[in-house]
Structures are given as structure tokens and as C-alpha cells.
Amino acid sequence: MTVDIEKVVSLSKRRGFIFQSSEIYGGLASSWDYGPLGVELKKNIKDAWWKEMVYAREEIFGLDASILMHPKVWEASGHTQNFSDPYLICTDCHKYYRQDSPEVKDNRCPLCGRNFSSQATRANLMLETYLGPLKETALKVYLRPETAQGIFVNFTNILFTKHPKLPFGIAQIGKAFRNEITTGNFTFRSREFEQMELEYFVLPEEDEQYYEYWISQRLNWYINLGIKKENLRLRKHSQDELAHYAKACTDIEYNFPFGWMELEGIANRKDFDLRQHSQFSGIDLTYFDDQKRIRFYPYIIEPSGGVDRSLLAFLIDAYREEKVRGEKRVVLGLDKRLAPIKVAVLPLLTNRPEIVEMAKKISGELKRSFVTTYDDTAGIGRLYRRQDEIGTVYCVTVDVQSLEDKKVTVRDRDTMLQERISVDKLKEYLAEKLGM
Ligand code: GAP
């Protein structure tokens, strides 16, 4: 089924996944706020990445570098000179477009249809800010356009504190900012977003082997977390589209409702960054091989994904509509690990205080172990639909019989099958089902 993006946008807003930033002031283009459910989903995606990249491995170390960095970092990395996109401006309606935007056809303004009269101009994508109270004397710095550079400048700190042997990696999740020319497609291209980046340092002669290794690892990560295989594909960059630092790059693309687009890129950055930072800082960023007694710059393989983009892909991929007994059911079939809410406790009748009390007690106890919610604001059918729509994995219903036999009904989101479970076994039952 091709998902209508408008349905996902509307669900996101209606149920509290994603809101437009500063909405009460008319919104700020291409900035987004994550609501109560969005923040959980985002956290679960980041946790899944961190678990896989850092906790499951001996040779990868975590880092949380600052967003603001010394301006020389961006000179060394090449961003000051090279990090720009060509754009066209319409002299008539004053709209601007990325030159390579699919909207721009035959050199005409997509809005008014006039020919663009001038050549494309390049715009640097880094966002500037100033450190210090007086603008005249303040230091101009940039909001980092990628988290990767925070890793490269900490290379020796990791070498001296962890003493790793090649291959090893440094992983980081954090905000990045780009003054994108064309934004849009909901959160797909924003000016403020989060990246999940790994810089994996390898022997120069092993670069191609690890490049292939990380492409397959990263592709499998998305599949393993529930994205349908047929909605993912690999696209190798041609020589002329490679970034200035890359020897090779492959994108993992997702079949978004607006076309196949990049979800994550896996690049072979060679030894470009370590060499550049050594040269610009005057600090030796080589690696010493104590067996061979030689110093050299390791090569770097970089899987770099976006949190917001994967969240959008997970949402779209999980969205489905089906007919149940003649009625439409919207389900967010998110993987259990990603679902924002694991359990909802629902009283079948709200006019029986003992049932409400029992349900609230169960909910309070489950909250200590799983993200649990309690809801008694509608009839049971409606409550189930609400939970299905946000991807809640299990619904626990307390009914009249529960008062007698101390059992509750547990309903599975996907199969809608129901099981009676003793309250005293409920936590273990759910823990096993949820794999927690
Ligand atoms: N360090 C390499 C690097 O930054 P990139 O392909 O420019 O490579 C990596 O970015 C990932 O960051 C992309 O695959 C995408 O998921 C995410 N990303 C980049 N620009 C973005 C934007 N404007 N909005 C949302 N996500 C973005």
C-alpha cells in the first residue's frame, strides 16, 4: 500500500508525535517539535542504534561532543569552502530553489513559470552564530552541520583514554544544523535535525572490506527494526556526486511517498579528516601500530543516518489501514522496541469504582517496568482503536470478572487475539512478550 503522507502528518499532529515549531506564531519553516509520543519514538530509535553500535560491541566508544566548535574545524574539514548548494532565484516572484530540485524543470520557476534569468549561485549551508556579548568583537562560530567533526577532533582523546586497536569506532548522536535552501516533505529535510554517526577507523588496506561490511550492517538494522525490505534499496554515488572527502559512498534509500530518498549514507572518508585536522591544528593525529612500529593515518568508514528521517520512515512504514468487521482500523505496526507506549490499561466499565481502582493500580505497577498509559475516557472499542493508531503493543482490560478471578484480558495489537492472564503473572507475561 502506498501511504498518503498527509495521513501520517495528520496522525502525527492529532496524536502528539510531531508539531510544527512555534505554531502559535504561524510556525517556523522546516523546524519541528516532537510531542509526548514523538519524543518516546525518537528515544527508542536512538536507544536501538546505541545498543547495536555501542553496547553490543567492544571496539566502539560513545561520545557527546559540543555543537559549537572552533571555527578552524570547519576550515580543516572543508565545510567553509565546499559545503554549499547551487540555487536559482526567480527575479520575478523572488522564490529560490535548489538547482537540482525535482520541481525545477527546463530552467523555469516552478511558481510563476518564468525563465530563471541568472546562473545558479552557491550558498553555504552552515548556520552562523556569535560567541560573546559584543557583536563587533565576538567570535563567529557555526552550529555544526554534521556531528562527525566532533569525533575527529577527539580522536587522540579516545586513543589516550581507551587505547583501542584498529579497527575501532567512535559513535555519536546529536543535533546538526543546515541552512537548507529547499526544505519540506514534512520532517525529511529540516534545518535542525539529529544525526546518528559512527566513524570507524580501519587499516587503509582494509577500507573496502569494512565499507561493504557497514553497508550491510546498516541495511539490516532497518530491516530488523521492521522496515519492509522492498521499501529499502542501496544507491552507490557516482564519482561526480561524491563529497569532497569521500572515496566512495552508498546511500540506503527509503521508498517515501514522495519518492526514493536517502535515509542514511555510508561513506569511505579515507584519511581525509585526520590529515586535515593534523595539518590545521599542528597536533599529530596518526595512529601508532606497536607491532609494526609504524605511524599512519587510519582510513575512516562512516555510516551516517538521520534520527528524524528514520523516524519518518518508521512511521510511514508502520502505518496501515484495514477493515475489521466492516469498520476501518488504523494501526501503527511499529516494532515492539520502537512503539512509544508498550501497554495501555483500560477499564471496561467506568461506572464501577472497583474496576477503575483495580485498573489504575495495575497501571501504576506496570509503569515501573514498561511505558504504560491508563485511559478510561471512552468505550472499549474506541479505546482499542486509539491505542492501535499510536502503535501501543498490548492493551490490558479490567472487567467485572477481574474483580472475582483477579485475571485481566491482554489484547495483542497486531493479531487482536485476547488472553486471560492472572494479575500476579501479568508483569512477567508482558516482559516476555515485549522481550524486555
Ligand atoms: N557526516 C556525513 C553527513 O553528514 P549527510 O549525507 O550529509 O552526511 C547524513 O547526512 C544523514 O543526515 C542523512 O542521510 C540524513 O538522514 C540526515 N540529514 C542530512 N541533512 C538533513 C536535513 N536537512 N534534514 C534531516 N535530516 C538530514
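Visitor: Which residue forms a salt bridge with K7?
Guide: E321 does. The closest N and O atoms of the pair are 2.9 Å apart. Keep in mind that this is a predicted model.
Visitor: Where do E321 and K7 lie?
Guide: E321 is in strand 17, residues 319–324, and K7 is in helix 1, residues 5–15. The pair therefore ties together parts that are 314 residues apart in sequence.
Visitor: What about exposure? Is E321 buried, exposed or partly exposed?
Guide: E321 is partly exposed, at 25% relative accessibility. K7 is partly exposed too, with 34%.
Visitor: Which residues are linked in a network of salt bridges?
Guide: The network links R320, E322, R329, R385, D388, R411, R413 and D414.
Visitor: What does R114 form a salt bridge with?
Guide: Its partner is D92, with the closest N and O atoms 3.3 Å apart. R114 sits in the loop between strand 5 (96–98) and strand 6 (121–124), and D92 in the loop between strand 4 (84–89) and strand 5, so the bridge ties together parts 22 residues apart in sequence. R114 counts as partly exposed at 47%, and D92 as partly exposed at 43%.
Visitor: And R57, is that buried or exposed?
Guide: R57 is buried, because its relative accessibility is 18% and the cut-off for buried is under 20%. R57 pairs with E59, at 3.2 Å between the closest N and O atoms.
Visitor: New topic. How many residues does helix 10 have?
Guide: Helix 10 has 15, residues 353–367. From first C-alpha to last, helix 10 reaches 21 Å, close to the 21 Å expected.
Visitor: Which of the residues in helix 10 are buried?
Guide: I355, V356, M358, A359, I362, S363 and L366. They cover an arc of only 165 degrees around the axis, which puts them on the same side of helix 10.
Visitor: What do those buried residues pack against?
Guide: Several elements, including strand 19 (343–347), strand 21 (394–398) and helix 13 (423–434).
Visitor: Which exposed residues does the face turned away carry?
Guide: P353, E357 and K361.
Visitor: Last one. Which residues make the nonpolar surface patch of about 230 Å²?
Guide: L68, L131 and L139. L131 lies in strand 7, residues 127–131. L131 is partly exposed, at 39% relative accessibility.

Note on methods: Residues numbered from 1 in each chain as written. Predicted model: local features only at pLDDT ≥ 70, side-chain atom pairs only at ≥ 80, totals over all residues. Heavy atoms only, no water. Patch = residues over 30% accessible without salt bridge, like charges linked within 9 Å, V, L, I, M, F, W, Y side chains within 5 Å. Areas by Shrake-Rupley, 256 points an atom, 1.4 Å probe, with all protein chains shown as cover. Salt bridge = Lys/Arg side-chain N within 4 Å of Asp/Glu carboxyl O. Helix = DSSP H or I, 4+ residues; strand = E, 2+ residues; numbered from the N terminus. Buried < 20%, exposed > 50% of the residue type's maximum accessible area, 1.4 Å probe, protein only. Expected span 1.5 Å × (residues − 1). Arc of directions from axis to C-beta. Contact = heavy atoms within 4.5 Å.
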